[in-house]
Amino acid sequence: VTAGFIIRAAHPEAQPNCDYIIVLGAGVRGTVPSLSLKERIDAAYDYLSAHPHAVAVLSGGQGAGEDITEAACMYRELTKKGIDGNRLLLEENSTSTIENLRFSMDILETHTGSRPAKVGIVSSEYHIFRATLFAKSLDLESVGIPARTSWFIIRLNYYLREVAAVWKYLVFGP
């Protein structure tokens, strides 16, 4: 049943129309995005290209083995692809999904002067359901914008892992 919710969230009926999106970080190897991060960058690029009014918060700090923050890596890659840097806000302090969302909302409130009514969340398709659960715990209305995981075996592994992660969240909280 849990897997059904995860799969359903990974395949929305239509692309949402949001003024603001939050792109969740993933690993960086030195200064190069991991495959998961590259796929999220590609999904953010597609969304931002299709919605030229949208502003993105690129969210992710710097972990072990990362020479730059995940946010800085996303910024570099999106501007290389032609996205105007003025549409990209960096959140570089988070170390978890709940922090990604909380800190990104703080940046959006500072940037806009108020809390947006709804945001899009860009993450790997298997992570969308749990990310929107975290958003709900912060009283944040959100819609998922899934980044497709290209390798089937990786996608299958992460979907299975995500079932356990959802239950961990439901039992212990964020």
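Reply: Start with burial. This is a predicted model, and 49% of the 174 residues of the protein count as buried. A residue is called buried when its relative accessible area is under 20%.

Me: What share of the contacts joins residues 24 or more positions apart?

Reply: Such pairs make up 70% of the contacts with a separation of 6 or more.

Me: What can be said about the surface and the charges?

Reply: The accessible surface is about 8600 Å², and carbon and sulfur atoms account for 55% of that area. As for charge, there are 17 positive and 19 negative side chains, with the centres of the two sets 6 Å apart.

Me: Where should I look for nonpolar side chains?

Reply: In soluble globular proteins, nonpolar side chains tend to be buried together. Here the largest nonpolar core has 24 residues, and Ile22, Leu24, Leu101, Met105, Leu108, Val119 and Ile121 are those with the most contacts inside it. At least two residues of this core come from each of α1 (2–10), β1 (20–24), β4 (55–59), α4 (97–112), β6 (118–124), α5 (128–137) and α6 (152–172). The largest share, 5 residues, is supplied by α5. Another core, of 23 residues, lies apart from it and has Tyr47, Ala54, Ala56 and Val122 among its members.

Me: Which residues does Met105 touch, leaving out those up to four places away in sequence?

Reply: Met105 touches Ile22, Arg115, Pro116, Val119 and Leu140.

Me: Is valine 119 buried or exposed?

Reply: Valine 119 counts as buried because its relative accessibility is 0%. Valine 119 belongs to strand β6. Beyond residues up to four places away in sequence, its contacts are Cys18, Tyr20, Ile22, Met105, Leu108, Leu140, Glu141, Ser142 and Val143.

Me: How should I read a helix such as α5?

Reply: An α-helix has 3.6 residues a turn, so residues three or four places apart point the same way. Then check which residues are covered. In α5, 8 of the 10 residues are buried, so the helix is largely enclosed by the rest of the structure. The buried ones are Ile128, Phe129, Arg130, Ala131, Thr132, Leu133, Phe134 and Ala135. Their cover includes α1, β1, α4, β6, β7 and α6.

Me: Is the charged residue glutamate 162 buried or exposed?

Reply: Glutamate 162 is buried, with a relative accessible area of 0%. This residue is in helix α6. Apart from neighbours within four places in sequence, glutamate 162 is in contact with Ile6, Tyr126, His127 and Arg130.

Me: Where is alanine 54, and what is in contact with it?

Reply: Alanine 54 is in the loop between α2 (35–50) and β4. Its relative accessible area is 0%, so alanine 54 is buried. Leaving aside neighbours within four places, alanine 54 is in contact with Cys18, Asp19, Tyr47, Leu48 and Arg87. Alanine 54 and isoleucine 21 are 33 residues apart in sequence, and their C-alpha atoms are 7.2 Å apart in space.

Me: How do I set distance along the chain against distance in space?

Reply: Take pairs and compare the two separations. Aspartate 42 and arginine 148 are 106 residues apart in sequence and 9.2 Å apart from C-alpha to C-alpha. Valine 119 and aspartate 84 are 35 residues apart in sequence and 20 Å apart, again between C-alpha atoms. Aspartate 42 is in helix α2 and, at 22% relative accessibility, counts as partly exposed.

Conventions:
Residues are numbered from 1 along each chain as its sequence is written. This is a predicted model: local features need pLDDT of at least 70, side-chain atom pairs count only at pLDDT 80 or more; totals for chains, interfaces and linings use all residues. Side-chain values use heavy atoms; hydrogens and water are left out. Buried means under 20% relative accessible area, exposed over 50%, partly exposed in between (1.4 Å probe, protein chains only). Contact means heavy atoms within 4.5 Å. Accessible areas come from the Shrake-Rupley method with a 1.4 Å probe; for residues, only the protein chains shown count as cover. Lys and Arg count as positive and Asp and Glu as negative; His and the chain ends are not counted. The place of a charge is taken as NZ of Lys, CZ of Arg, CG of Asp or CD of Glu. A nonpolar core is a set of buried Ala, Val, Leu, Ile, Met, Phe, Trp, Tyr and Cys residues joined through side-chain atoms within 4.5 Å. Helices (H or I, at least four residues) and strands (E, at least two) are DSSP runs, numbered from the N terminus.
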